[in-house]
Amino acid sequence: MDNWGRPLRKVVIVGGGAAGWMSAAALSAVLKPPYEIRLVESDEIGIIGVGEATIPPIRLFNSLARIEEADFLKATQGTFKLGIEFVNWGRQGERYFHGFGGIGREKLWPVDFSHYWLRMRALGRALPLDAYAICNMAARAGRFMLPRPEMQNSPLNAINYAYHFDASLYAQALRRIGEARGVRRTEGKVVNALLHEQPGPRQGQLRAVQMEGGELIEGDLFLDCSGFQALLIEKALATGHEDWSHWLPCDRAVAVPSEPAGPLLPYTRSTAHRAGWQWRIPLQHRVGNGHVYASSHVGDDEAADVLLRHLDGRPLAEPRVIKFRTGIRRQAWNRNVVAIGLAAGFIEPLESTALHLIQMGIGDLIERFPHAGFDALEIAEYNQRSRARYESVRDFIILHYHLNKRDDSAFWQACAAMDIPGTLRRRMQLYESSGRLLYGDGDEFREPSWLEVMEGQNQRPRAWLPLVELQDADDTAAYLKSVSDTIAKCVAVMPEHEAFVRRYCAAAPMD
Ligand SMILES: Cc1cc2nc3c(=O)[nH]c(=O)nc-3n(C[C@H](O)[C@H](O)[C@H](O)COP(=O)(O)OP(=O)(O)OC[C@H]3O[C@@H](n4cnc5c(N)ncnc54)[C@H](O)[C@@H]3O)c2cc1C
């Protein structure tokens, strides 16, 4: 019998990490009965328990899933994030900021602000890029406030932000939301996956997962959120994996929480080390730290030692090593299984993009939520979008590694010398020749992000767009000065991040 056009009913999510519970929270906000959502997770296996920094679109996800901001931050010991400070990435001793807001003002003149800045810098009449970006200046001053959309002409309406939060508390908070909306949770281990074997339109699709105790959980659509296990998309359907480790050689992280130290900073810090880098993520109750490294260049003990030596507070646990493999599933959606989260692919956390890719995967699925016939064209289009997103994030992360000017280790020299994807090469060449940055379909980061990393890591263009020369140099200098002066004044009236968090979303102390 043909299933074409018939609604499917049973959605089964395998896995209860961030991917599983984000999917459950978002789907349960959209799907009403007779749709049923069931989630299977194993307490014994547990979740990966890292994934604490995000990028601004997470706010859209929260509003789609109807999650209230202050409550959510209280429940997850959350803080605000205005961007990432990169230390020792260009050359040792250098630092730069990748902030979330735009740079300069909305276009007053024909071309983008960055070209006026490039020209003025060449004339020695510009401040560093940060001075023209409210998020960067606020972060450097340790200040934060919510944007003021009603202040049309003020940089205060351009504050763009994301969150830091405790990954385990996040999954728990989402679980409460999902269960309150009717998601049925089953605890236990999946030991097998059964396919439809009868000839017909469902042949080869997943029919059910089998629990350790023997129970069969049947479904029409399965979300594989089982993490690196990839239980359904790979173990059951053998979809295939595309390895990207020749571009992104880090394959392990060692993580440890530490006591809070110093003021509560509204940004993540990424400090490059000899064969990788270290994250510092400030939460209300602790600081999350981790050292991402290439095991071909540094051993686990040395990596843990480097991490511990660079903490700024006392460690609160033993360091924990996490292995990972960089790359994507050849198809995120195969037959009636959609992989979300680590099961779909993984790119290291340098720009905090994994939860974002989860969110986009769920959004893309909701947009084309299937009927029981599973339209092959829709599936192909989903897979193509998913690949474009991962590839654009991949290129952005490779840029950080490739553009380094460090000469202190074989690791960094190999990154600088490596062959890069053609898509990234073209982008870098365009910037070098004309100061222009591309913004393409599937790009998860806009021009200001690319600009900040290129400039922060000493990539200088040979030219800027000629139309900027039409503007008188003194007028241009005055324009830039007005932008930086206004931003400085705005930052001066913003509250300290710590005070803001205490007033807006202070969490109860942890036991
Ligand atoms: C070192 C590191 C740092 C990271 N930092 C960031 C960051 O700063 N920002 C960011 O956005 N992302 C980050 N991530 C990624 C982020 O942690 C993950 O994308 C996110 O947690 C989602 O994981 P998941 O839910 O796919 O997998 P997991 O958390 O591993 O969850 C898998 C689930 O599947 C269940 N499961 C597995 N096998 C079975 C079975 N047989 N039966 C039943 N259940 C099963 C498990 O119990 C668990 O519930 C980081 C990742 C790593 C490795």
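**Close-ups of a domain contact and a ligand site**

Nine residue pairs, with both partners at pLDDT 80 or more, are in polar contact between domain 1 and domain 3; a polar contact here is a pair of N or O atoms within 3.5 Å, where within protein one must be able to donate a hydrogen and the other to accept it, and residues adjacent in sequence count only if both atoms are side-chain atoms. This is a predicted model, so local features need pLDDT of at least 70 and side-chain atom pairs pLDDT 80 or more, while totals for chains, interfaces and linings use all residues. Residues are numbered from 1 along each chain as its sequence is written, and side-chain values use heavy atoms, with hydrogens and water left out.

**View A. The domain 1 side of the contact with domain 3.** The side of domain 1 that touches domain 3 has eight nonpolar, four polar and three charged residues (Ala, Val, Leu, Ile, Met, Phe, Trp, Tyr, Cys and Pro count as nonpolar, Asp, Glu, Lys and Arg as charged, the others, Gly among them, as polar). About 1200 Å² is buried between the two domains, 58% of it from carbon and sulfur atoms; buried area is the accessible area (1.4 Å probe) that two parts lose on being put together, summed over both. Look for Glu-52, Gln-77 and Thr-79: they supply 39% of what domain 1 buries against domain 3, more than any other three residues.

**View B. A salt bridge between Asp-166 and Arg-286.** These two side chains meet at 3.2 Å, N to O. Domain 1 and domain 3 have two salt bridges between them, each being a side-chain nitrogen of Lys or Arg within 4 Å of a carboxyl oxygen of Asp or Glu.

**View D. Backbone atoms facing the ligand.** Val-190 has a polar backbone atom 2.8 Å from a ligand nitrogen. Leu-355 puts a backbone N or O atom 2.8 Å from a ligand oxygen, and for Ser-42 the distance from a backbone N or O atom to a ligand oxygen is 3.0 Å. On its own the ligand has 1000 Å² of accessible area, and the protein covers 96% of that (Shrake-Rupley method, 1.4 Å probe; for residues, only the protein chains shown count as cover).
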